[in-house]
Every structure is written in C-alpha cells, then in structure tokens.
Amino acid sequence: MIVLDQQSPPLAIARNGPVVTLTLQRPERHNAFDDHLIASLQAAFDDLGTDADVRVVVLAAQGRTFSAGADLNWMRRAAAYTEEENRRDALALATMLRTAASLPRPLIARVQGPALGGGMGLVAVADIAIAAARARFGFSEARLGLIPATIAPYVVEKIGPGHARALFLTAERITADRAQQIGLLHRVVPDDQLDDAVAETVQALLAGGPQAHGLAKTLVRTVLSTSGPDQDQATAALLARARGEAEGREGVQAFLDKRPPNWRPADG
C-alpha cells in the first residue's frame with residue numbers, strides 16, 4: 001500500500017480485509033485541507049483505484065470536526081501566490097476530488113462532526129454519506145470573498161442547483177437532518193450509532209459484485225452526460241458488458257442455484 005511521511009502524516013490508512021479506511025488525522029487543525037493533505041489523499045485514491053482486492057473505501061476523520069475546509073496557514077501562503085500559482089493549487093484539489101468521485105469502488109463518508117467549505121466537497125464526492133446527528137454543514141467561502149469552485153460540480157450534482165445557489169450565497173450552516181433532506185447525506189444517525197451504521201452499509205456493499213459496483217457508478221455518469229438514442233446505446237452497452245462478465249454470469253447462476261455468489265464474504 002501507500003507509505004507517507006511518518007513524521008506528521010495527515011492521513012492514516014487502515015485495511016481490514018477488502019475494506020480500507022482513510023482517516024484525516026489533523027484534529028488540532030480541524031482536519032483542514034493543505035497541500036500536504038491533498039497530495040496524501042490523491043496518492044491514496046490513485047492507489048486504491050487500481051487495487052482489485054479493495055471492495056469498499058471509508059473516509060473518516062479524527063476529532064470532533066470532519067473537515068473545516070481550507071487550512072488558515074495554507075490560505076495565508078496562497079494570498080501571496082500569482083494567479084497561475086493559485087490556478088495550479090486549485091487544480092490539485094480539483095484533481096483529487098475527481099479521482100475520489102471516479103473511484104471504481106464504493107466510497108463511504110463517515111461524518112462525525114462539522115463539514116465546512118472544502119470539507120463539504122469530500123462529503124459530496126462520496127457515494128454514500130452517513131452523518132452523526134451533531135454534524136453541521138455549510139459553505140463559508142462567500143464570507144471570505146471566495147467561491148466553492150472546485151467542489152461545486154459534486155455539490156450541484158448531489159443537491160441540485162437551487163439548493164446549491166442558496167447555500168453558496170448565504171453561507172448558512174445547516175443541520176444533518178436538513179442536509180439529508182436536500183440529498184447531501186444518505187443517512188443520519190444518533191452520534192453513538194455512527195460506527196454501527198457505517199458497518200451495516202459496508203456489509204450491504206460487500207454483498208454486491210465488485211465489478212457491478214464500478215459499472216453502476218459509470219452508469220450514473222453516463223445517464224447524466226447523455227440523452228436520447230445516444231443514452232439508449234450507452235446504457236445497453238453497459239448492461240451487455242455486465243451480462244458478459246464472469247461476475248455477471250456467476251451472479252445469475254448463483255441466484256438460480258439458490259446459493260451465495262463467490263464474491264460474498266463467508267459470514268455474509
């Protein structure tokens with residue numbers, strides 16, 4: 001797997017069989033982004049995306065805050081950047097988010113506390129976001145004279161342009177229940193039930209075919225980017241591919257034989 005700077009690693013990587021947990025571990029900085037954390041996440045997502053033994057990825061955080069967005073020291077440095085330096089800096093964040101969103105494995109966000117600004121981007125790129133009831137959410141960029149640019153594609157995709165415009169403009173903070181109502185979160189649970197809820201979701205995902213998960217994510221992107229006859233052709237091609245894969249044939253045969261498919265865990 002990945003070897004990071006052991007002096008002050010901003011990201012912990014733990015593996016339990018086919019499940020990998022990435023944990024932001026800058027609690028003293030409210031798990032805020034800086035170039036080091038972004039690079040560490042990029043390396044992790046690059047690695048996990050090519051590891052066929054990984055079935056599920058969980059993104060978590062230490063401390064009471066999931067992520068407060070941009071680190072203040074990083075912002076101070078950026079204030080002295082040229083426009084081109086700022087563009088490269090922003091592009092690194094945008095690339096990391098796109099790599100996370102394109103991960104051919106289910107990505108779960110375990111949100112134990114507030115997610116603000118760029119931290120909302122990590123919640124939005126997750127396929128499934130599960131939050132503790134105490135968590136709060138918001139886009140604070142407008143109050144700094146900035147915009148939530150690189151996270152916007154994933155936020156708008158999840159909550160729609162209407163909710164996104166309102167939250168981008170007002171910078172108001174919303175509750176976990178409200179975040180679930182507008183589509184940012186999949187599930188909200190009492191604080192002490194968060195780990196159980198994540199574990200339940202992991203087990204549900206392990207019951208599905210690994211290749212089917214990757215194709216399902218591709219299917220959603222295909223539906224969003226095509227229409228009409230082109231969409232029909234694209235979705236039919238994906239179904240034909242799924243049926244033709246060994247995994248698809250195994251899944252159908254297992255159903256007919258009334259037995260678990262070969263990708264199911266022994267205790268699943």
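1. Buried here means under 20% relative accessible area, exposed means over 50%, and partly exposed lies in between (1.4 Å probe, protein chains only). At 15% relative accessibility, E250 therefore counts as buried. E250 sits in helix α10, residues 246–257. Helices (H or I, at least four residues) and strands (E, at least two) are DSSP runs, numbered from the N terminus.

2. A word on the basis. This is a predicted model, in which local features need pLDDT of at least 70 and side-chain atom pairs count only at pLDDT 80 or more, while totals for chains, interfaces and linings use all residues. Residues are numbered from 1 along each chain as its sequence is written, and side-chain values use heavy atoms, with hydrogens and water left out.

3. Back to E250. Leaving aside neighbours within four places in sequence, E250 is in contact with R259, P260, P261, N262 and W263. Contact means heavy atoms within 4.5 Å.

4. Next, the loop between β2 and α1. D34 is found there, with β2 spanning 19–24 and α1 spanning 35–49. D34 is buried, with a relative accessible area of 13%. For H36 the distance is 3.2 Å; for L37 it is 2.8 Å. A polar contact is a pair of N or O atoms within 3.5 Å; within protein, one must be able to donate a hydrogen and the other to accept it, and residues adjacent in sequence count only if both atoms are side-chain atoms. Not counting residues up to four places away in sequence, D34 touches R26, D71 and W74.

5. H30 and N31 deserve a look. H30 is not a glycine, yet has a positive phi of about 55 degrees. N31, also not a glycine, has a positive phi of about 55 degrees. N31 is buried, at 0% relative accessibility.

6. On aromatics: how many aromatic pairs does the structure hold? It holds one. F139 and F168 form that pair, edge-to-face, at 4.8 Å centre to centre and 85 degrees between the planes. F139 lies in the loop between β7 (136–138) and α5 (152–170) and F168 in helix α5, so the pair ties together parts that are 29 residues apart in sequence. F139 and F168 are both buried. Rings of Phe, Tyr and Trp (its six-membered ring) pair if their centres lie within 6.5 Å; planes under 30 degrees apart count as stacked, over 60 as edge-to-face and the rest as tilted.

7. Helix α4, residues 118–125, packs against α5 at an angle of about 55 degrees, with the axes 8 Å apart. That makes α4 oblique to α5. Axes are lines fitted to C-alpha atoms, for helices over the stretch in contact, and angles run from 0 to 180 degrees between N-to-C directions. Angles under 35 degrees count as roughly parallel, over 145 as roughly antiparallel, 65 to 115 as roughly perpendicular and the rest as oblique.

8. The residues of α4 at this packing: V123, A124 and V125 meet Y154, V155 and K158 in α5. Helix α4 is mostly covered, with eight of its eight residues buried. Among them are G118, M120 and L122.
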